[in-house]
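Thank you all for coming; I would like to walk through one model this morning, moving from its ligands to the annotated residues and then to a few details of the backbone. Please have the sequence and the structure open as we go.

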Amino acid sequence: METIKNIIIGFGKGGKTLAKFLAQKGEEVLVIEKSNKMYGGTCINIACLPSKRLIIEAANGVSYVDAVNGKNEMTAQLREKNYHMLADEKTVTVLDGEAHFIADHEIEVKLSNGKKVQYKGDRIFINTGAVPVMLPIPGLKESKYILDSTQAMDEKKMPKNLTIIGAGYIGLEFASMFAKYGSKVTVLDHNKEFLAREDEDISNAVRKDMEDAGIKFELGADIEKISDETSDAKVTYEVNGKRKTINADRILVATGRKPNTENLGLENTAIETTDRGAIKVDDFLRTTVDNVWAIGDVKGGLQFTYISLDDFRIIKDQLFGTGARMVSDRKVVPYSVFISPALSQVGLNEKQANKLGKEYKLFKLPVTAIPKAKVAKDNRGLFKALVDPETKKILGATLYGIESYELINMISLAMKAHLSYTVLRDQIYTHPTMSEAFNDLFK
Ligand SMILES: Cc1cc2nc3c(=O)[nH]c(=O)nc-3n(C[C@H](O)[C@H](O)[C@H](O)COP(=O)(O)OP(=O)(O)OC[C@H]3O[C@@H](n4cnc5c(N)ncnc54)[C@H](O)[C@@H]3O)c2cc1C
Ligand SMILES: NC(=O)c1ccc[n+]([C@@H]2O[C@H](COP(=O)([O-])OP(=O)(O)OC[C@H]3O[C@@H](n4cnc5c(N)ncnc54)[C@H](O)[C@@H]3O)[C@@H](O)[C@H]2O)c1
């Protein structure tokens, strides 16, 4: 059995960045990727980038079919670029095949031609991502009208009546996008509360804007079954004790993604998993086997591309730096939901601050007060920020409005740098921009 210094299972964000870095250090790396349609990982092929392209094209008034074709061109280019970024390195081999463990430091790879090869790795990095959760709803698995997020971005024609199960990140982003393309969208979620972790004024504003865009919500919905009919499917569900049905020519299932550990052969190793099936790691991303690490979605927790990238930084620091960098150092992690307008958040909101009994000074600014929003003809939204009354440091912000996915990174930086909110308040910004709203928000 050949021994390789570094084996990376899965061509994900953290893994590919690590492979490039190790190659630049002159180290031997074997990157194993099970699908030649996935070089570069989930984000560039079937997730962040294609979905955001489709969202932007919907806003540009492009038809769904044209947008899908353009998106496919983009992902093909990105895939090619990502493949060569690694394969052209002298010390890197990209192997097409599916890997599973046969022992703590040994793996077997089933190649695309059916052959099997085995390798021993001095260091092994698991970067196999996550897969959609498919609920055990009667009729769901069998229905020919069911889509996951990947399929929803590759349809040959736009769904007329789209039912989405799940009002989380994917459910809301796709609802907003398909409504813009012209689909009639209904979102079902078993949670009674809409955007449960957000403050009520924010969740009410988001819900109203989505409803104004024609999206219907059925919350607290208990889905009983899905039954295929001639040209569509019937979803039967119960809300507040009332039985209801809805027909849809496509049903998007967006009920979460789970760590992809099922076929990894972990039972042949001492690598432990959590009760949710994620690979158990410590603060340095080390698994329960020495010199085996887990990176990205497969280790559970926050599922974002930028978290997988930050996982790379932790491992790089261990292998070539001081080894001080840890998962628990990540205190300020922003997120954006790319609906229209975007919802972005970092740190504490009022709900969380109140729960913690934390004192705060609240700043609030309706987006309609921002000149750039008027120029852009989109006044929807509300900006909120919480500040520690004693230290003047920013505790958190929720920005619901256009371009908030850019602005939130500025707040996040200010928090990380422990700046007083007055720095953002008194900063000179270019005009007219959304950033200059911080002059007024923090007044
Ligand atoms: C529709 C959608 C939209 C999203 N939008 C955003 C967004 O806007 N912003 C954001 O930050 N995050 C977004 N995410 C989440 C983000 O895509 C993930 O958090 C991120 O891609 C995870 O990367 P990773 O490094 O864990 O691995 P991945 O990029 O998932 O890579 C795992 C790779 O491993 C391969 N693999 C799996 N098993 C094996 C095996 N046994 N052998 C060999 N190869 C294997 C897979 O084929 C895959 O290429 C979105 C997700 C979805 C589904
Ligand atoms: N903008 C972004 O950064 C972005 C965009 C898309 C996806 N993502 C990542 O992808 C991950 C997966 O997204 P997702 O939307 O699938 O998951 P999610 O966890 O965000 O949302 C899942 C939703 O499904 C609902 N649900 C669960 N079981 C249900 C049931 N039986 N019936 C009805 N509803 C049910 C939940 O209440 C929840 O609202 C996210 O956690 C996120 O990290 C990020």
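Which helices and strands each supply at least two residues of the shell around ligand 1? Before I answer, a word of care: this is a predicted model, in which local features need pLDDT of at least 70 and side-chain atom pairs count only at pLDDT 80 or more, while totals for chains, interfaces and linings use all residues. Residues are numbered from 1 along each chain as its sequence is written, and chains are lettered from A and ligands numbered from 1 in the order in which they are written.

The elements are α1 (13–24), β2 (29–33), α2 (42–46), α3, β3 (92–103) and α8, where helices (H or I, at least four residues) and strands (E, at least two) are DSSP runs numbered from the N terminus. Ligand 1 is surrounded by 37 residues, and the closest are G10, G12, G41, G129 and G296; a residue is taken as near a molecule if its C-beta atom, placed from the backbone, lies within 6 Å of it. Sorted by class, this shell holds 14 nonpolar, 17 polar and six charged residues, with Ala, Val, Leu, Ile, Met, Phe, Trp, Tyr, Cys and Pro counted as nonpolar, Asp, Glu, Lys and Arg as charged, and the others, Gly among them, as polar.

Two of those elements, α1 and α8, also pack against each other at an angle of about 35°, with their axes 7 Å apart; the axes are lines fitted to C-alpha atoms over the stretch in contact, and angles run from 0 to 180 degrees between N-to-C directions. On the α1 side the contact is made by K13, G14, T17, L18 and F21, and on the α8 side by T305, S308, L309, D311, F312, I315 and K316, two residues being in contact if their C-beta atoms, placed from the backbone, lie within 7 Å. Those contact residues divide into five nonpolar, four polar and three charged.

Helix α3 (residues 48–59), for its part, meets helix α4 (residues 64–87), their axes coming within 10 Å and crossing at roughly 145°. Here α3 contributes L49, P50, R53, L54, E57 and A58, while α4 contributes A67, G70, K71, M74, T75 and L78.

Let me turn to ligand 2, which has 24 residues around it, the closest being G166, G168, Y169, I170 and Q303. At least two residues of this shell come from each of α6 (169–181), β9 (184–189) and β17 (335–337), and α6 gives the most, with four. The shell has twelve nonpolar, nine polar and three charged residues.

Y169, in helix α6, is buried, with 20 other C-beta atoms within 10 Å; the cut-offs are 20 or more for buried, 12 or fewer for exposed and partly exposed in between, with C-beta atoms placed from the backbone.

The unreviewed entry also lists K52 and D297 under "binding site". K52 sits in helix α3 and is partly exposed, because 15 other C-beta atoms lie within 10 Å. D297, in the loop between β16 (292–294) and α8 (305–320), is buried, because 30 other C-beta atoms lie within 10 Å. Leaving aside residues up to four places away in sequence, D297 touches G129, A130, R257, P259, Q303 and S308.

Is the residue that UniProt marks as "active site", H431, buried or exposed? H431, in the loop between α12 (421–425) and α13 (437–441), is exposed, with 10 other C-beta atoms within 10 Å.

Finally, the backbone: most residues other than glycine have a negative phi, and most peptide bonds are trans.

Methods:
UniProt positions are given in the numbering used here, feature names are shortened, and annotations may be inferred rather than shown by experiment.
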